[in-house]
Amino acid sequence: MNPFNHDVTAPDAPLLNVQVDGEWMQFPKGLNVIEVARRVGKFVPHYCYHPKLSIPGNCRMCLIELGTPKLDANRKPVLDAGNKPEIAWMPRPQIGCATQISEGMGIRTQSPLVEECRKGVMEFLLINHPLDCPICDQAGECKLQEYSVQYGSEGSRFTDDKVKKPKRVDIGERIVLDDERCIMCSRCIRFSKEMVKDDVLGFIDRGSHTTLAVHPGKRLDNNYSLNTVDICPVGALTSKDFRFQMRVWFLKETKSVCTGCATGCNTLIGSRENLVYRQTPRENEAVNSHWMCDQGRLGFHYIHAPERLLEPVSKVGHGKLPTPWTELIPRLAAQLRELPAGKIAIVASGRMTNEEAFLLSQIRKILGGDAVLSDIVPRKGEADGILRSADLNPNARGLELFGLSNGGQTLGQIRHGIDTGRIEALIVLHENLLGDAGWPLSTVQNVKLLVVQSILACPTSELADYILPGASFAEKRGSMINGNGRLQRLNKAISIPGQALDDWQILLQLKAALGGGNGLHTIEEVFKAMTEATPALSGLSLSRIGDLGVDLKNLPATAAK
Amino acid sequence: MSINRVTVPATQNIPPEAVYPGAHDSHHPAPVIPKDFEAEVDTVITHYPVSKRSASLPLLHLWQEKFGYVSPEGIEWIAAKLELQPINILELVTFYPMFRQHPAGKIQIKVCRTLSCALGGGYALCDYFRKKCNVGEPDAHGLATSPDGKYSVEFVECLAACGTAPVIMINDDFYEDVSNVKADELLLKYQG
Amino acid sequence: MPITERRLIFKNIDQPGYAIDIDCYLRHDGYKDLKKALTMKGPDIVAEVKTSGLRGRGGAGFPCGVKWGFIDPTKNTKPVYLICNADESEPGTFKDRQIIYKDPHQMLEGMIIACYANNVHLAYIYIRGEFTLGAKILEKAIAEAKAKNYLGKNICGTGYDLEIYVHRGAGAYICGEETGLIESLEGKRAYPRIKPPYFPAVLGLYMCPTIVNNVETLCNIKHIVAMGGAAYAKIGKPNNTGTRLLCVSGDVEKPGYYEFEVGALTIGQLLNDVCGGIKDGRKLKALIPGGSSAKVMKAGDRYKIKTKKPDGTMEEKEMGLEDIPLDFDTLAAAGSMAGSGGVIVMDETRDMAECLANISTFYAHESCGQCTPCREGSLWMKKITSRIANGKGHPDDVGLLKNVADNIAGRTICAFGEACAWPVQSFVEKFKNEFEAHALGTAKKSTEQKLEAV
């Protein structure tokens with residue numbers, strides 16, 4: 001996927017001897033100085049360099065001292081007392097980003113010259129910068145702020161008028177540009193050109209007046225535009241969605257995955273107290289590298305929608321009443337128990353976690369096993385060749401693994417069963433039958449016992465006999481299997497609002513009410529039970545999945561295309 | 001409702017306030033592209049068998065010679081011709097000082113500003129032209145045009161004729177050792 | 001001993017009756033050297049150029065044969081391109097213009113030989129945009145040469161094909177930098193490329209091996225083929241071979257362009273014997289020897305010059321400015337450079353702060369804006385020099401100015417960083433008192449010769 005991969009080398013790359021700040025070490029061939037330093041815990045500051053983009057070498061922040069082995073008259077390296085090559089240091093500093101290591105190379109990431117270079121570049125970057133940190137969204141995660149403290153000077157020697165440039169420029173549906181803050185690192189231009197093949201950004205004018213721009217009439221509107229905000233090292237590009245919403249230092253960052261499609265891009269959920277403010281991509285070379293699509297990124301606002309279901313509800317006569325869980329679950333279980341297996345069906349969702357699917361499959365077993373028809377609502381989009389999958393369900397593979405999904409092919413049968421009156425009870429989880437499933441009202445009205453477990457109120461929940469309010473992806477722990485068979489973890493960023501419950505707890509309670517308790521109390525225990533019952537997951541635990549997930553080697557091939 | 005919708009809160013709409021150079025002037029008449037012009041363009045493109053993009057500068061020169069300046073329509077036309085994005089061409093128009101995004105005078109006087117010409121009286125000569133041609137204060141790009149649009153006077157950097165300072169260009173023609181007397185003669189010549 | 005020019009490249013230029021058409025050129029033995037070259041093998045021509053010791057005439061003075069030698073035709077599977085750098089725009093330089101406007105076929109012949117020697121089949125002449133007429137002259141010359149089969153398919157029946165096209169720049173000084181020029185020729189902003197990895201000999205035009213040579217350098221190729229590399233190497237001095245086109249401008253009686261054997265004359269001889277002395281009988285104050293990027297030299301200063309004697313040992317000689325011979329090595333040893341051969345002369349009435357402000361304005365205007373130190377520093381230096389020249393400086397400005405220049409030089413993508421920093425560093429260093437007096441507001445105002453600071 002990446003045309004550039006400066007931080008990754010071939011597994012068989014030969015090791016080279018390189019001296020870093022006086023110490024000889026070995027590194028694989030193909031790395032540049034910034035990456036070499038990173039691997040030994042040294043940081044070479046940089047603005048324009050990005051491991052996944054082409055290298056323009058324009059910011060000059062990564063200047064380091066460089067040397068090559070001193071050669072004698074026979075062009076053989078001169079060795080020092082310790083039998084190591086003596087190094088001939090270049091008088092001029094070199095940029096670390098574009099310098100690939102070679103045998104016997106010497107690097108100084110800290111020296112008076114290097115410090116002087118960084119101080120000089122910092123001063124140059126700041127002289128025409130507006131220094132408007134109090135009203136800048138980047139404050140707190142701005143590389144100018146960060147490096148200024150670490151590498152810059154205390155005072156300013158600039159007494160002239162600053163160069164004026166456009167501010168608050170609306171360059172796209174989701175992006176605002178402040179040209180005075182821009183440091184011309186060209187990351188956004190390169191990202192758009194190289195990763196998205198959408199060449200809309202460019203520099204106009206020149207010299208000190210160089211200005212980042214989109215062509216008049218064109219927009220930075222592609223589905224990856226917000227990645228430019230992530231990689232912008234300063235506050236030049238900001239997200240309209242996040243602008244002025246929250247200071248980043250108040251945000252708690254929770255590692256999770258995007259549930260917008262089957263790719264499962266790794267994310268950080270930025271929340272404060274119980275509100276999610278943003279989602280940003282989290283690096284994972286096996287899944288999404290450093291990126292995610294805008295659609296997935298912004299697809300979290302429903303969590304805080306007014307339609308959010310906050311209390312369990314059951315139908316009493318012609319009315320609906322909030323009903324405590326302790327009352328609702330036994331009543332629902334009793335009603336279900338009265339029905340023979342063939343009269344019950346399940347419409348599950350590819351948005352459920354594996355743990356929820358596992359518990360649901362056990363409930364299904366209690367209710368009659370395969371006689372209880374079950375399927376999910378397929379959600380088809382278009383793959384874009386970058387990150388977006390054609391499957392918009394984040395965990396269709398998981399639902400398939402637990403036998404709850406037939407890729408949507410059983411949905412017609414369920415619907416027919418309802419229409420003919422054969423199926424009387426329907427358990428719907430996280431789906432709107434009148435929306436994405438495309439069922440007519442008459443069918444849904446024909447269900448005698450309609451149970452809806454959902455996050456938001458929808459036309460289907462309006463018709464439900466029981467409404468079981470569940471939790472959003474940001475409010476729960478659990479796992480999902482992406483389209484490529486990789487098991488990944490969701491983590492809880494915020495608490496569940498109102499009396500809504502974590503979905504696995506709802507299902508566990510229902511299962512207990514139907515078939516008795518089974519000693520499961522925590523999500524870890526559910527996961528353990530799940531792995532014991534599922535060969536494809538054997539030997540795994542939530543903690544073993546790790547932050548980056550694991551590829552499932554024994555996952556049965558998917559039936560869905 | 002569909003959950004995976006990209007939503008932007010309505011309060012976050014940003015009024016487009018900033019204006020880029022080249023973004024204004026919406027009233028450019030769409031130019032009619034003469035056949036012979038397009039033929040010339042096609043010939044020039046053949047000079048770059050490896051990459052059509054190389055023809056960007058030549059095409060901008062041709063456009064400016066034909067239409068006087070590079071309008072937004074010109075940028076779009078050239079971009080389309082070379083299968084590029086318009087920003088690729090706008091980047092060039094704003095980088096290379098010879099390209100204009102607005103009409104200049106019919107008689108364009110460029111006076112060299114750099115050291116040798118300055119030592120030879122280039123500044124005084126430029127002042128002389130400005131007065132003689134009745135041009136006002138220079139705009140943001142340093143171009144001063146007379147109210148009737150007949151003359152424009154501007155400084156340019158070294159024209160590579162330093163031994164015969166001060167030097168100027170009038171339209172595409174070079175003049176060296178330009179005294180005030182010579183300046184008067186030249187103005188007469190171009191008026192005629 | 002009277003100083004006489006040695007006109008090799010300027011031999012026919014300005015001679016009565018010498019015209020730019022190919023017939024006139026042929027009457028003057030034109031394309032004879034090409035015919036000779038076509039009987040030789042390419043690598044043999046490269047070897048002759050190496051033997052000649054020819055150093056590039058664009059500014060850096062890099063040995064031409066070595067540059068060509070970087071391209072290894074045996075290892076190379078990509079096509080090789082050659083670009084003639086005719087983007088003459090270093091302030092103080094106007095030599096290439098004479099060749100292009102007055103003897104285009106000479107340049108073309110040199111270029112065709114260079115292409116043949118390096119197995120090039122597609123070449124471009126990157127000419128500065130303001131040379132509108134020059135571009136037309138070259139296009140006509142190319143058409144004439146094609147008509148006579150010195151260019152195009154199967155040149156002179158040898159089976160060698162070459163196409164040359166004229167490509168006009170559009171007023172950007174940075175296009176003189178060879179990788180900026182290549183980007184510009186690719187239809188982009190002339191942002192110089194980082195080296196490594198983008199050395200033109202490896203990853204040049206269209207990421208193929210590319211040779212970029214100056215107009216004067218290519219003319220020399222023709223003469224090297226004519227006389228042989230060894231004979232050419234006898235002209236001038238060791239390591240400073242051949243002739244040099246010198247352009248003199250500023251405060252001398254007879255400014256103009258001249259051609260001498262490299263190092264055959266001193267600065268004093270050039271100013272006094274060739275150029276008729278400083279204008280109006282005034283005295284020399286300062287001189288820039290190789291285009292405005294070269295460090296300024298101050299009249300009256302003594303220079304300690306280390307030179308290599310014929311036996312290889314070094315000797316140090318102390319000399320005054322006027323005694324310094326104009327060759328690559330001596331000027332470098334004197335702390336400046338031969339650069340592009342543009343000599344700018346400033347007399348005693350000139351205000352050095354004004355002169356520097358003029359130069360800094362040029363560089364602030366021409367900075368491409370790609371890399372941080374140059375983009376931000378060039379404009380800052382212009383602001384500081386202008387306010388000093390306008391008598392509005394602060395006492396700290398002189399030190400600040402020098403420090404800003406120090407923070408640019410050696411830290412940028414291309415040599416423009418040095419080009420804009422060196423004048424500042426050298427002017428401030430050599431004329432410190434003058435700058436300090438300005439900054440303190442105690443400078444004596446020259447009225448007669450005032451340069452305006454923008």
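**A loop residue and its surroundings**

Modeller: Asn119(C) is partly exposed, with a relative accessible area of 45%, where buried means under 20% relative accessible area, exposed means over 50% and partly exposed lies in between, with a 1.4 Å probe and protein chains only. Please keep in mind that this is a predicted model, in which local features need pLDDT of at least 70, side-chain atom pairs count only at pLDDT 80 or more, and totals for chains, interfaces and linings use all residues. Residues are numbered from 1 along each chain as its sequence is written, chains are lettered from A and ligands numbered from 1 in the order in which they are written, and side-chain values use heavy atoms, with hydrogens and water left out.

Asn119(C) lies in the loop that runs between α6 (104-117) and β2 (122-127) of chain C; helices (H or I, at least four residues) and strands (E, at least two) are DSSP runs, numbered from the N terminus. The backbone of Asn119(C) has a phi near 55°, which is a positive value in a residue other than glycine. Chain C has another such residue in Asn149(C), whose phi is near 65° and again positive in a residue other than glycine. Asn149(C) belongs to the loop between α7 (132-147) and β3 (163-168) of chain C, and it counts as partly exposed because its relative accessibility is 25%.

Most residues other than glycine have a negative phi, and most peptide bonds are trans. Pro197(C) sits in the loop between α8 (178-185) and α9 (200-203) of chain C. In chain B, a cis peptide bond also joins Ala165(B) and Pro166(B), with an omega of about -10°, and the place of Pro166(B) is in the loop between β3 (151-156) and β4 (168-170) of that chain.

Returning to chain C, helix α5 (residues 95-102) is mostly covered, since seven of its eight residues are buried. The buried ones are Lys95(C), Asp96(C), Arg97(C), Gln98(C), Ile99(C), Ile100(C) and Tyr101(C). Lys102(C) is also found in helix α5 of chain C, but it is partly exposed, with a relative accessible area of 25%. Leaving aside its neighbours within four places in sequence, Lys102(C) is in contact (heavy atoms within 4.5 Å) with Ile13(C), Asp14(C), Tyr18(C), Ile20(C) and Tyr257(C). The C-alpha atoms of Lys102(C) and Gly256(C) are separated by 15 Å, although these two residues are 154 residues apart along the chain.

Ser54(A) has its place in the loop between α1 (33-39) and β3 (63-69) of chain A, and it is buried, with a relative accessible area of 16%. Its contacts, apart from neighbours within four places in sequence, are Phe4(A), His6(A), Arg190(A) and Glu194(A). From Ser54(A) to Gln245(A) the separation is 191 residues in sequence and 33 Å in space, C-alpha to C-alpha.

Of the 561 residues in chain A, 61% are buried. Among the contacts of chain A with a separation of 6 or more, 68% are between residues 24 or more positions apart.

Aromatic rings complete the view, and over all chains the structure holds 35 aromatic pairs; rings of Phe, Tyr and Trp (its six-membered ring) pair if their centres lie within 6.5 Å, and planes under 30 degrees apart count as stacked, over 60 as edge-to-face and the rest as tilted. The pair of Phe37(B) and Trp77(B) is tilted, because its centres are 5.8 Å apart and its planes stand at 45°. This pair links distant parts of chain B, with Phe37(B) in helix α1 (residues 35-45) and Trp77(B) in helix α3 (residues 72-81), 40 residues apart. Phe37(B) is buried at a relative accessible area of 3%, and Trp77(B) is buried at 19%. In chain C, Phe62(C) and Phe70(C) form a tilted pair, 6.0 Å centre to centre with 35° between the planes, and Phe62(C) is partly exposed, with a relative accessible area of 37%. In chain A, one aromatic cluster is formed by Phe43(A), Tyr47(A), Tyr147(A) and Tyr151(A).
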